[in-house]
Amino acid sequence: MKAVVCEAFGGSEVLAVRELPDPPPPGAGEVQVRITARGVQYVDVLMLAGKYQFRPEPPFIPGSEGAGEVVAVGPGVTAFKPGDKVMCRQRLGAFAERGNVKAEDCDLVPARMGLDQAAVFRNVYHTAYHALLQRGRLKAGDRVMIHGAAGGIGLPAIQIAKLYGAEVIATASTDEKRGVCLEEGADYAISYHDGFRDKVLELTQGRGVDIIYDPVNGPTFEESLRCLAWSGRVLILGFLGGAPAMARTNYLLIKGIEAIGVRIGGLNEAHPEIAAANIKTLIGLAAEGKLKPRIWRRFPLDGAAAAIQALIDRAVIGKAVLIG
Ligand SMILES: NC(=O)c1ccc[n+]([C@@H]2O[C@H](COP(=O)([O-])OP(=O)(O)OC[C@H]3O[C@@H](n4cnc5c(N)ncnc54)[C@H](OP(=O)(O)O)[C@@H]3O)[C@@H](O)[C@H]2O)c1
């Protein structure tokens, strides 16, 4: 099979397309999937650089989300059969033509959803749903600010916050990205490079927002805290802005603020039953047409390096997908 291999730690240049043996038959509890679409995630960028919490040693096949057709099932698997179309979560290995995946990490693709959309659905929508509804306790009428809103986990957060009745202020760096945020349902889309607190207070009549969904952190974190209303929650999802910020805890005290960590991998490990119920809800919403991944560009599998570079360059709006 063809696979994309990370051959050393670094940027997109460390990826090489190689011919490798097919995986062995699936083991107990596994299915073998002929993968035809994979999502490209910022987590892949961190893993190639050796900067992710989980640090596989090269050589390894990156990629932790994909979709395709089941070609074989291992002992004990009853939920799937050959020919089923599935979306899967993988620890590694999605940037290949085949992979063995735990059956519990697979879900049937709903009717009317293409495999390209299925490949990028699960991780980002689950992250946004868990963050906003379970960690952030979002309720109708809440005001939510979403940083990195035009990114992979940003656009699903806009869709979910709107679906559950919130008012959304999206932040993004370019007119094009802000335009997409508005198309996806944000009530307002603002720049955050030259400060955003005054604008947020103006848009909320001086009150501030109830929830901040923040994959950026770093130098913008303190200003984010100053945008929160009384008993606001800041959801910490990532550190794209650089080193983790040192929070001024007096800000938390004065406004009764909660700073809340969110890690979807942690939920999957600690509470697989909650994760499974969440995915079921989300797939139901997608089947009803209420959630729809936005694909920015489709690259061939050979184009993985270009897709990763586009993510590093902050060119991607929504999701990049590797097809074939
Ligand atoms: N906690 C969790 O469970 C969880 C789950 C999934 C992902 N994540 C993390 O969330 C973060 C975002 O992931 P993603 O897949 O949405 O990434 P993405 O598609 O690359 O989007 C990130 C967005 O953040 C903004 N950004 C701000 N500073 C940036 C920087 N220095 N470099 C790159 N982008 C920057 C960019 O928008 P502008 O150009 O508009 O600023 C970009 O659109 C990553 O750190 C990822 O590891 C966390």
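Me: Where is R137 found in this predicted model?
Reply: R137 is found in the loop between α3 and β8 (143–146). The model is predicted.

Me: Why is R137 called partly exposed?
Reply: R137 has 13 other C-beta atoms within 10 Å. Buried needs 20 or more, and exposed needs 12 or fewer. The value for R137 falls in between, so R137 is partly exposed.

Me: What is the phi of R137?
Reply: Phi of R137 is positive, about 55 degrees, although R137 is not a glycine.

Me: Which residue follows α11 with a positive phi?
Reply: R314 follows α11. Its phi is near 60 degrees, and R314 is a residue other than glycine. R314 sits in the loop between α11 and β15.

Me: What makes R314 partly exposed?
Reply: R314 has 15 other C-beta atoms within 10 Å. That count lies between the cut-offs of 12 and 20, so R314 is partly exposed.

Me: Which residues of α11 are buried?
Reply: In helix α11 (residues 304–312) they are A304, A307, I308 and L311.

Me: How do you know that the buried residues of α11 line one face of the helix?
Reply: Seen down the axis of α11, they fall within an arc of 100 degrees, so they line one face. An α-helix has 3.6 residues a turn, so residues three or four places apart point the same way.

Me: What do the buried residues of α11 pack against?
Reply: Their partners are the strands β1 (2–6), β2 (15–19), β3 (30–40), β14 (295–300) and β15 (319–323), together with α1 (42–48).

Me: Which residues make the contact of α3 with α4?
Reply: α3 gives V124, Y125, A128, Y129 and L132, and α4 gives P156, A157, I160 and A161. The contact divides into 9 nonpolar, no polar and no charged residues.

Me: Why is I61 called partly exposed?
Reply: I61 has 19 other C-beta atoms within 10 Å. Beyond its neighbours within four places in sequence, I61 is in contact with A3, V4, V5, L92, G93, F95 and A96.

Me: What makes the peptide bond from P58 to P59 cis?
Reply: Its omega is near 0 degrees. P59 lies in the loop between α1 and β4.

Terms used:
Residues are numbered from 1 along each chain as its sequence is written. This is a predicted model: local features need pLDDT of at least 70, side-chain atom pairs count only at pLDDT 80 or more; totals for chains, interfaces and linings use all residues. Helices (H or I, at least four residues) and strands (E, at least two) are DSSP runs, numbered from the N terminus. The arc is that of the directions from the helix axis to the C-beta atoms. Two residues are in contact if their C-beta atoms, placed from the backbone, lie within 7 Å. Ala, Val, Leu, Ile, Met, Phe, Trp, Tyr, Cys and Pro count as nonpolar, Asp, Glu, Lys and Arg as charged, and the others, Gly among them, as polar.
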